[in-house]
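Hello,

As promised, I am handing over the structure we talked about. Please have it open while you read the notes that follow.

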Amino acid sequence: MTIRRKTTLIILSVLTALTACAMAIISVQLLVHARADELLETSRRTSRAFTVFANMVSDLERATSDYAAWDDTCAFVTDRNEDYIRANLVDETFSRNNFGFMVFLDAQDDLVFGDGYDPEAGRRKPAPAGLLTSLSPGTPLLRAGADKPLSGILVIDEGPFLISSSPILTSTFEGPSRGTLLIGRPLDTAALAFLAHLTLLQPVLHRVSDEE
């Protein structure tokens with residue numbers, strides 16, 4: 001084999017190796033960029049999900065505050081007057097606000113009123129037993145001794161609920177608290193589908209104690 005032919009083969013071998021290296025580098029860069037784009041999109045969707053959830057919590061807190069910080073509610077948990085129930089705790093209140101339950105407790109944490117609502121049947125039902133049994137002394141859901149609401153997700157036997165628990169104060173937000181008002185919205189299939197539509201994610205709720 002001539003020197004020229006050997007040189008040509010060496011050059012071709014080197015060029016082939018360099019081309020392979022260049023393609024490998026380009027492929028890695030493309031994968032890195034694709035992964036970075038994927039992580040960025042995931043971050044955006046996760047951030048959107050947190051924002052949507054925060055807005056849902058804020059909306060329920062406002063709705064709960066409308067009833068909890070009200071002179072008429074203070075009077076109701078004190079004297080248990082039936083006029084308040086007939087005027088305010090009607091089916092339309094539950095359906096219009098998508099309330100799954102409303103529970104009123106007095107300053108001694110005794111039940112004054114508690115009802116649930118079935119949106120599919122369009123009628124009232126008992127307040128969730130899983131909620132009522134969880135209202136034992138010392139639970140943070142009892143806000144008679146607090147000055148601000150507590151909100152989040154509550155998972156009970158009847159299912160998951162977005163819940164807001166607020167101290168009952170006067171219309172000018174003055175204490176001492178006359179009791180606790182708890183309002184929940186069901187995190188059912190329809191609610192999760194709505195979340196999926198807004199966040200482009202597929203939210204799934206699990207108990208913290210659930211095993212993998």
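Some background before the rest. This is a predicted model, in which local features need pLDDT of at least 70 and side-chain atom pairs count only at pLDDT 80 or more, while totals for chains, interfaces and linings use all residues. Residues are numbered from 1 along each chain as its sequence is written, and side-chain values use heavy atoms, with hydrogens and water left out.

Most residues other than glycine have a negative phi, and most peptide bonds are trans. R80 has a positive phi, near 55°, and sits in the loop between α2 and α3 (helices are DSSP runs of H or I with at least four residues, strands are runs of E with at least two, and both are numbered from the N terminus). D109 also has a positive phi, near 65°; its place is the loop between β1 and β2, where D109 is partly exposed at 32% relative accessible area. The peptide bond from G175 to P176 is cis, with omega near 5°, and P176 belongs to the loop between β5 and β6.

Strands

Strand β5 (residues 159-167) has eight of its nine residues buried. On one side, β5 pairs with β4 (residues 150-156) in the antiparallel sense over seven bridges (two strands pair if DSSP finds at least two bridges between them). A hairpin of two residues links β4 to β5, and V155 has P160 as its bridge partner in β5. β5 also runs antiparallel to β6 (residues 179-186), joined by seven bridges, with S165 opposite L182.

Cores

The largest nonpolar core has 25 residues, and F76, L89, F99, M102, F104 and L181 touch the most other members (such a core is a set of buried Ala, Val, Leu, Ile, Met, Phe, Trp, Tyr and Cys residues joined through side-chain atoms within 4.5 Å). Helix α1 gives the most to this core, with seven residues. Leaving aside neighbours within four places in sequence, the contacts of F99 include L60, Y67, Y117 and I183 (contact means heavy atoms within 4.5 Å). A second, separate core of 13 residues includes L105, L135, I156 and L182.

Best wishes

Methods: Buried < 20%, exposed > 50% of the residue type's maximum accessible area, 1.4 Å probe, protein only.
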